[in-house]
Amino acid sequence: MGYRCRKCTGQSVINMRQHRLALCGDHFIEWVQKHTAEFIRKHRMMDTEDRILVAVSGGKDSLSLWSILLDLGYQADGIYIDLGIDWDLAETGYSKRSLDYALAFAHSVSSRARFHVLDVKGVYGSSVKEIASRGPAGARRKFCSACGLIKRHELNRMARELGYTVLATGHNLDDEAAVLMGNAMNWEIDYMKRQALVLPSSDTGLIKKVKPLARFYEREMAAYAIVKGIPYIVDECPFSEGATSLGYKEILNSMEKNSSGTKLKFYFEFLKAKKKGLFPNHVPPELGQCEKCGEPTGATGLCAFCRLIERPGRSIDHITQA
Ligand code: AMP
Ligand code: ZN
Ligand code: ZN
C-alpha cells in the first residue's frame with residue numbers, strides 16, 4: 001500500500017521486498033518479460049528457431065508463461081493433459097474447469113498459436129483416478145505419483161510425436177524451492193541431481209525440458225496474470241490438499257517473511273553448488289526405449305507408465321495411441 005512505481009512514480013501494483021522494487025502495472029509487465037527473456041538466454045533454454053510446446057494446466061503460471069513466450073516472439077503452442085479429475089462432477093469437476101480456462105486463453109491467442117488437448121481417459125480408457133486406484137491402498141500419495149508419471153510420459157510423448165523441440169513448464173520459484181526442500185529433508189540425492197532449470201534432449205527420445213519462470217515468486221506470477229487480464233483456475237487440485245509440498249511452501253513463506261530473499265537464495269545457491277561439483281562424477285542414467293510405447297526409460301522391457309496402465313484389472317488391447 002502506498003508504494004510508488006520506481007520507474008514512473010505511478011501507483012504500484014506490487015512491492016517485491018526481495019528486490020526492493022515496487023512497480024506499476026505496465027512497468028511490472030515489462031520487468032517480468034525482460035527478466036524472462038534474460039533468464040531464457042542465460043540458461044540457453046530456447047531460441048526463436050525452436051518449436052516450443054508449453055504444458056498448460058489452466059493455472060496462473062503456465063498461462064502466463066504461454067502469454068510471455070508469445071509476447072517475446074517465440075513459436076509457442078500449448079498442450080493440456082486432461083487427467084479426468086472429477087469429470088463425474090460435470091460442470092464443477094477440476095479437470096473440466098481447468099480445461100475451460102486453458103481453452104479460453106488458447107482462443108484469445110488462436111491467431112498466433114495452436115492448442116492441443118490430450119484426453120487421458122479417451123486414449124487409455126481410464127481416468128488418472130481409476131488408474132491410480134488399482135492395486136492395494138488408494139492413498140493420495142499414490143494418486144499424486146501416478147498423476148505425475150502420466151503427465152511426464154504423455155507430455156514427452158506428445159512433444160516428440162508432434163515434432164516440438166522444447167517442452168516448457170510453468171514451475172515457479174516457490175514450486176522449485178519446495179521440491180528442493182522435500183528432496184533435502186529426505187536426502188533424495190538422485191532427485192536432487194536431476195532437479196534443474198534445463199534438462200537436455202537425448203537420442204533416446206527425451207525432449208529438452210525448461211522452466212523459464214523458476215526465478216519468479218508465486219505471488220509475482222499471480223500478479224502477472226491478474227494485471228495482464230488472464231483468467232486462471234485459482235483452486236489447487238482436490239488431491240493436493242494436505243500434500244507435503246504445500247507444507248514446505250508454508251515453511252518457506254514464513255522464513256521469507258523474516259528474511260526476504262530466502263527462497264531465491266535457497267534455490268539458486270543450490271544450482272550454483274551443483275555447478276561447482278556438489279555431486280561429483282554424476283553420470284546420468286543410461287536410457288533405452290520402452291518395448292511398448294517407445295518412450296525413453298531406464299527400465300528394461302516396459303517403462304513405468306506402461307507398467308502402470310497395464311496393471312491387472314483391465315485389458316490394454318483397446319488402447320490407441322493419440
Ligand atoms: P504442478 O505440478 O501442478 O505444480 O504443475 C507444474 C507445471 O506442470 C505447470 O506449470 C504446467 O506447466 C504443467 N502441468 C501441470 N498440470 C498439467 C496438465 N494437466 N496439462 C499440462 N500441463 C500441466
Ligand atoms: Zn511505472
Ligand atoms: Zn512405455
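Analyst: A polar contact is a pair of N or O atoms within 3.5 Å; within protein, one must be able to donate a hydrogen and the other to accept it, and residues adjacent in sequence count only if both atoms are side-chain atoms. By this criterion, a polar backbone atom of G170 lies 3.0 Å from an oxygen atom of ligand 1. A polar backbone atom of I81 is 2.9 Å from a nitrogen atom of ligand 1, and a backbone N or O atom of V56 is 3.3 Å from a nitrogen atom of the ligand. On its own, ligand 1 has 480 Å² of accessible area (Shrake-Rupley method, 1.4 Å probe), and the protein covers 74% of it.

The model is predicted: local features need pLDDT of at least 70 and side-chain atom pairs pLDDT 80 or more, while totals for chains, interfaces and linings use all residues. Residues are numbered from 1 along each chain, chains are lettered from A and ligands numbered from 1, as written, and side-chain values use heavy atoms, without hydrogens or water.

The shell, meaning residues with a heavy atom within 4 Å, consists of A55, V56, S57, S62, I79, Y80, I81, L83, K151, T169, G170 and H171. Of these residues, 6 are nonpolar, 5 polar and 1 charged (Ala, Val, Leu, Ile, Met, Phe, Trp, Tyr, Cys and Pro count as nonpolar, Asp, Glu, Lys and Arg as charged, the others, Gly among them, as polar). Strand β4 (residues 75-82) gives the largest share, 3 residues; strands are DSSP runs of E, at least two residues, numbered from the N terminus.

Notes. Helix = DSSP H or I, 4+ residues; strand = E, 2+ residues; numbered from the N terminus.
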